[in-house]
Amino acid sequence: MTLILALESSCDETAAAVVEDGVRIRSNVIASQIETHRQYGGVFPEVASRMHVEAIHAVVASALEVAAVAPADLDAVAVTHGPGLAGSLLVGVNFAKGLAFGWGKPLLGINHLEGHIYSLWLTEHAPLLRFPVLCMVVSGGHTDLVLMRDHCTYQIMGRTLDDAAGEAFDKVGRLLGLPYPGGPAIEKAAAEGSPSAYSFTRSVMSADHPYDFSFSGIKTAVMRAVQPPPTGKRVRGEESIQAGVTLPNINIADVAASFQAAVVGMLVEKTVNAARDSGATAILLSGGVSANRLLRAQMRERSALPVYYPPLVLCTDNAAMIGAAAYYRYQQGQRDDLNLDVRPMLPLE
Ligand code: KG4
Ligand code: ZN
């Protein structure tokens, strides 16, 4: 049996988990800062890192206690070392280094996106997964289509050229005066609206990069719809987006539903095409935006291949997913030393 303690602090969740053999969650503790960041309309990096410092000790202690595991029982300590906010990553990485050194355990630095992908291996679908699989990692920082031919082997087939899908949800949420994070708030508002009330532009990519995404056009289209520019004046971009604006004559539910439909439509179309063209046996959704019910339903409807996604608690940031990825890295012999550093822009490939 391999027991790994995993830590995650790349953004605004302080998390620790104990994972057995990469498949069984013995504990999964998450201290979320969302309520604090809501007042800023997004993640405030300095506040985030300070809150990680305040929370991490108790979160790790709780993860060990819930798992009924003593430090001596552990085979390794794993930690997200990128991508993410530098100040946030530093807290987890330094805490993990201290634990690994103090307990005399191997240390493993794990890629946050690899963690999101491996959240699928913590579900009941794990025994059904056969490589190659096409993974769509769709979060607040990333929108990547990744072909996985084997464990820990990644080929990026497509990615966003500008905003991540979750980022677009968050920005449009702010524009509509909805609370942070925008994704769940827009999904909720959209339930009362018509997805065909507005036709927001869907970007078309060049033939060389058929699986790349772009969401900034949709975001600007929403901005134009809710804040029509005075005649003769051009909208200058994001600086026009303000939190808590009042939007007279705008049906927020209709805008939310139409925006969600446009983003989901793009995500589904490219993912289904990439999966078909790459010979994948299944589509694996992961990351915060994969919590979206329209995305899940449409992907299942449009894909001839099976579509798998994690339960809600494993869609958004957590440490169990880091423990699952770390198990395969550990099996492959990865060991990091105390020089392990944070990599805010760490690529997956
Ligand atoms: O994976 P995650 O927790 O953090 C990052 O690694 O970024 O993803 C957070 C993102 C946020 O942008 C949030 O708005 C989005 O996931 N999100 C959703 C939903 N739930 C969370 N987007 C659309 N629909 C949802 N239900
Ligand atoms: Zn994430």
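A residue is called near a molecule if one of its heavy atoms lies within 4 Å of that molecule. In this predicted model, where local features need pLDDT of at least 70, side-chain atom pairs count only at pLDDT 80 or more, and totals for chains, interfaces and linings use all residues, residues are numbered from 1 along each chain as its sequence is written.

Ligand 1 is surrounded by 21 residues, and the closest are Gly140, Asp170, Gly183, Glu187 and Gly288. With nonpolar meaning Ala, Val, Leu, Ile, Met, Phe, Trp, Tyr, Cys and Pro, charged meaning Asp, Glu, Lys and Arg, and polar meaning the others, Gly among them, the shell around ligand 1 is made up of six nonpolar, twelve polar and three charged residues.

Among the polar contacts (pairs of N or O atoms within 3.5 Å), a backbone N or O atom of Gly140 lies 2.8 Å from an oxygen atom of ligand 1. A polar backbone atom of Asp317 is 3.1 Å from an oxygen atom of ligand 1, and for Gly141 the corresponding distance, again from a polar backbone atom to a ligand oxygen, is 3.4 Å.

Conventions
Chains are lettered from A and ligands numbered from 1 in the order in which they are written. Side-chain values use heavy atoms; hydrogens and water are left out. A polar contact is a pair of N or O atoms within 3.5 Å; within protein, one must be able to donate a hydrogen and the other to accept it, and residues adjacent in sequence count only if both atoms are side-chain atoms.
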